[in-house]
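Good morning, and thank you for the time on the agenda.

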Amino acid sequence: MRVADRLAAHRTGWHVGEVVAAAMETPLSRRIELEVPTWPGNEAGAHLDIRLTAPDGYQASRAYSLASSGPGTHVTLVVDRMEYGEVSPFLVDELAVGDRIELHGPLGAFFIWRPPMTGTAPAAPMPVQLIGAGSGVVPLFAMVDAHAHAGDATEFRLLYSVRDPEHVFFRAELEAAARDCPGPLRLDLLYTRQGPEGWPAPIGRITRERLAELAIPPADDPTIFLCGPTPFVEMVAMWLVELGHAPERIRAERFGGAA
Amino acid sequence: MSFITRGFSGRSRDRDPRLPPGQTLVDDWPVLSAGATPRIDTEEWSFRIVDETGAKHEWNWDELLALGVEDLTLDIHCVTHWTKLDMPWRGVSLDKLFEDVESQHDYVMAHSYGGYTTNLALEDLLDGKAWIATEADGEPLSPEHGGPARLLVPHLYFWKSAKWIRGLVMQPRDDPGFWEQNGYHLHGDPWLEERYW
C-alpha cells in the first residue's frame, strides 16, 4: 500500500455499508460482503464495530475482524453464529443482500501485518507464524491474502485448529494460496474432532509437542499472530514462551471468557 | 446518522440504566490482552511510584496489603462492548499509595510486567476512584485477568485498568500509552463513548 493509503487506513470513522453478497461459509458461519463507499481501506488484521438499531431506538454493537484488506471499498466479514447471541444470529440468519448497516472503523493498529516496503533495501524479512482456532482465523486469513497479493518472499505459516473439515473457513482460498501463491505459505490444518478420510496427522486438540513440531522455530525469530477463544490463546501463548519465543514477538487476540 | 436496521429487534427491552451506551451485559468475564500472559509470583512482585526527581516509593506484596485492602462492588466496562455489573473486587486505594508522593505533574504512565503501558490523569486515580486490585469474584486475580495485581479504574474503559501492574511514573503531559498509540482514546470515559481517536 502507498504511504498515503496506509495513513488513510488509520482514519477511523462511521460508515454505511450495503450488503452485496452473503453466503454460508460453514454450517455455523456466514460470509458477508459489503460495499462501503466511504471506507478508507484497512490493513490486514484490522477490525470494525457493527451497530444495529431496532425500531424503538435500542442499539447493539459488536466488534468483528475483517477478512479483507487493502485500499478498496469492498469489505468482507465472516461471522460465526453464537447460539445465545443477539447480533450474530441476526447477521447470519436475517441480514439480506441490499440491507444497509452502520459500521465504525477500521480499528486496531497492533494486530496488523504489513507487507515489507517495496522499493527500499529490505531488511531480512521476518518470518510470520499465524496460529488460529475456529473463527479466530478471520484476521489471519486477511494477512495470508495480503501476503499472497503482495507476492513478497516473507515465509508464512498458518497453523489452523478447527473441529472438522466442514467447519474450515476460506478453504478454497487457503488451499489455493498454499499451492499457487507467489509468496510462500505453508498451511497446517489441525483437526480437533474429525479429519478427512485418510488424514495422516493425529486428530485432537493442539499439544505443546505438535506446536513445537509445526511452528517456525524460535531461532528464526518469527512474528507470531495468535487468535482464538481465550483458553486456546492463553495455552498456546504460554507454550510459545516455554518453547523459547520472546513474549514481545507474540501478538494475540482473544474472544470469550477465561476457562 | 443512525438509522433503523431492517429486521433487527434486539434481545433486551429493559436496558439496565447502569449500562453505558454501546455496551452489552455479560455474565462471564472476557479477556482482552495484546500478547502472552506474564506470570509473576507475589514473592517477586513489587509496585513503585516514581516522581519527576526519580525518587521511588516502593512496596512489596506484604507492604501493599498492609496498607489496607478494601472490599468493593463495581461495574466494569470494556471498550469491546461488554459490561459486567456488581462485580466484587478487593484492592488497595491509590489514595493510600500516593499519601507521601510529592509531584508537580498531573499525569502518570502506568507500566506493567510484560511491557504494557497506559496513560492516566492523576484526577482519575485519586479521591477514591482507583485501586491496586488483588482479588476479583472472591478469588485472587488470575494471571489472564492481570494477577497478581492490576490497576482498577472502573469509571474508565477497562484497558486503563492495566494488568500485571508494576508501577506508575509521573509525567508532565498526557503522553499516550500502548493502546492509546494503537488507536484507543487518550481518556476512555465509557459514558461519553471515548473509545477511539
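This is a predicted model: local features need pLDDT of at least 70, side-chain atom pairs count only at pLDDT 80 or more; totals for chains, interfaces and linings use all residues.

Where is the place of Asp86(B)? Asp86(B) sits in strand 5 of chain B. With a relative accessible area of 46%, Asp86(B) is partly exposed.

A second residue of chain B belongs with this one. His81(B), which is not a glycine, also has a positive phi, of about 85°. His81(B) lies in the loop between strand 4 (70-77) and strand 5 (82-93) of chain B. Is His81(B) buried or exposed? Its relative accessibility is 4%, so His81(B) counts as buried.

Staying with the backbone, I turn to the cis peptide bonds. One joins Gly147(B) and Pro148(B), with omega at about 10°. Pro148(B) is found in the loop between strand 9 (139-140) and strand 10 (150-152) of chain B. In chain A, a cis peptide bond joins Gly105(A) and Pro106(A), and its omega is about -5°. Pro106(A) is part of strand 6 of chain A.

Let me move to the interface. The size of an interface is often given as the accessible area lost when the parts come together. Between chain B and chain A, the buried area is about 3400 Å², and carbon and sulfur atoms give 54% of it. On the side of chain B, Phe3(B), Arg6(B) and Phe8(B) lose the most area to chain A, together 20% of what that side buries. In terms of contacts, 34 residues of chain B meet 45 residues of chain A. Which kinds of residue does chain B bring to the side that touches chain A? They divide into 12 nonpolar, 14 polar and eight charged. Across the same interface there are 14 residue pairs in polar contact, counting pairs with both residues at pLDDT 80 or more.

How many salt bridges are there between chain B and chain A? The count is three. One salt bridge that crosses between the chains pairs Asp99(A) with Arg6(B), the closest N and O atoms being 2.7 Å apart. Asp99(A) belongs to the loop between helix 2 (88-94) and strand 6 of chain A, while Arg6(B) belongs to the segment before strand 1 (24-25) of chain B. Asp99(A) is buried, at 9% relative accessibility, whereas Arg6(B) is partly exposed, at 41%.

Over all chains, the model holds 25 salt bridges. Within chain A, Arg114(A) and Glu43(A) form one, at 2.6 Å from N to O. Why does this pair tie together parts that are 71 residues apart in sequence? Arg114(A) lies in the loop between strand 6 (100-107) and strand 7 (128-133), and Glu43(A) in the loop between strand 2 (29-35) and strand 3 (47-53), so the bridge spans that separation. Glu43(A) is buried at 4% relative accessibility, and Arg114(A) is partly exposed at 34%.

Another salt bridge in chain A joins Glu234(A) and Arg254(A), at 2.9 Å. Glu234(A) is in helix 6 (residues 230-242) and Arg254(A) in strand 11 (residues 250-255), 20 residues apart. Glu234(A) is buried, at 9% relative accessibility, and Arg254(A) is buried, with a relative accessible area of 9%. Finally, salt bridges that share partners join Glu25(A), Arg31(A) and Glu173(A) into one network.

Conventions. Residues are numbered from 1 along each chain as its sequence is written. Chains are lettered from A and ligands numbered from 1 in the order in which they are written. Side-chain values use heavy atoms; hydrogens and water are left out. A salt bridge is a side-chain nitrogen of Lys or Arg within 4 Å of a carboxyl oxygen of Asp or Glu. Helices (H or I, at least four residues) and strands (E, at least two) are DSSP runs, numbered from the N terminus. Buried means under 20% relative accessible area, exposed over 50%, partly exposed in between (1.4 Å probe, protein chains only). Contact means heavy atoms within 4.5 Å. Buried area is the accessible area (1.4 Å probe) that two parts lose on being put together, summed over both. A polar contact is a pair of N or O atoms within 3.5 Å; within protein, one must be able to donate a hydrogen and the other to accept it, and residues adjacent in sequence count only if both atoms are side-chain atoms. Ala, Val, Leu, Ile, Met, Phe, Trp, Tyr, Cys and Pro count as nonpolar, Asp, Glu, Lys and Arg as charged, and the others, Gly among them, as polar.
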